[in-house]
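Let's take a friendly walk through this model together. Please open the sequence and the structure side by side, and we will go from one residue out to its surroundings.

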Amino acid sequence: VALEYGITRSVGIDIENRWNYAQNDKMEFICTDICTKRVEEKFDLITSFCAFEHFEKPVEMFDTMCNMLNPGGYLYINFGPIWYSAYGHHCYDAISFPYYHLLFSDEIIKRFKAQHGIIDNQFYNKWSAYDYMYMFLKCNKLLLDDFKVMYNFKDYYFVEAFPFLFERYKKEDLLVNGFELLFK
């Protein structure tokens, strides 16, 4: 898509080799963990979609992205659902019950998924909305140009119906679904 907007070269980086695109002089895909094996190249635009909730070390990843940006460049980040949101466990296609991952033990969830053929091998860092906001707002390497918090009010009815089940959680963590940010 980037090439359609006049970008002369696009580089995709992922920790897993799951991209089956033909590479050429304008499009390259690199399979690596940029936190352990640094990519020395600098970029004018870095985008991250639906990934921050899966990073084992979000602070290190964010710092690495900031360091990979050319002066005057842009870093666009969009992700969610985060862990404490209604569907923070990401199995919303198979399990339409909100907040189930906060109500049942990992063992019960694992057994349910096995019984129903639900495959979920993803890592979730289980960060709260506050954790993400603190990391992004304390950034001193880039200017935060736009910051949007994405909420999910639609499924909060469940928390309101059974408040005693959610007493240990902060309301904002249960409502915040994700974030969209632009740094320059």
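Histidine 89 is buried, with a relative accessible area of 8%; buried means under 20% relative accessible area, exposed over 50%, and partly exposed in between, with a 1.4 Å probe and protein chains only. This is a predicted model, in which local features need pLDDT of at least 70, side-chain atom pairs count only at pLDDT 80 or more, and totals for chains, interfaces and linings use all residues. Residues are numbered from 1 along each chain as its sequence is written, and side-chain values use heavy atoms, with hydrogens and water left out.

You will find histidine 89 in the loop between S4 and helix H2 (100–103). Helices (H or I, at least four residues) and strands (E, at least two) are DSSP runs, numbered from the N terminus. What does the side chain of histidine 89 make a polar contact with? Its partner is the side chain of aspartate 120, at 3.2 Å. A polar contact here is a pair of N or O atoms within 3.5 Å; within protein, one must be able to donate a hydrogen and the other to accept it, and residues adjacent in sequence count only if both atoms are side-chain atoms. Setting aside neighbours within four places in sequence, histidine 89 is in contact (heavy atoms within 4.5 Å) with Trp83, Tyr100, His101, Lys113, Asp120 and Tyr124.

The loop between S4 and H2 also holds proline 81.

Now for the nonpolar cores, each a set of buried Ala, Val, Leu, Ile, Met, Phe, Trp, Tyr and Cys residues joined through side-chain atoms within 4.5 Å. The largest has 29 residues, and Phe52, Phe62, Leu75 and Phe136 have the most contacts inside it. Two or more residues come from each of strand S3 (43–49), helix H1 (58–67), strand S4 (69–79), helix H4 (129–137) and strand S6 (176–183). A second, separate core of 13 residues includes Tyr87, Leu102, Tyr124 and Phe166.

Helix H1 deserves a look of its own. Its buried residues are Pro58, Met61, Phe62, Thr64, Met65 and Cys66, and they pack against S3, S4, H4 and S6.

Finally, check two backbone angles. Cysteine 50, in the loop between S3 and H1, has a positive phi of about 50° although it is not a glycine. Lysine 126, also not a glycine, has a positive phi of about 60°. Lysine 126 lies in the loop between helix H3 (106–115) and H4, and counts as partly exposed at 36% relative accessibility.
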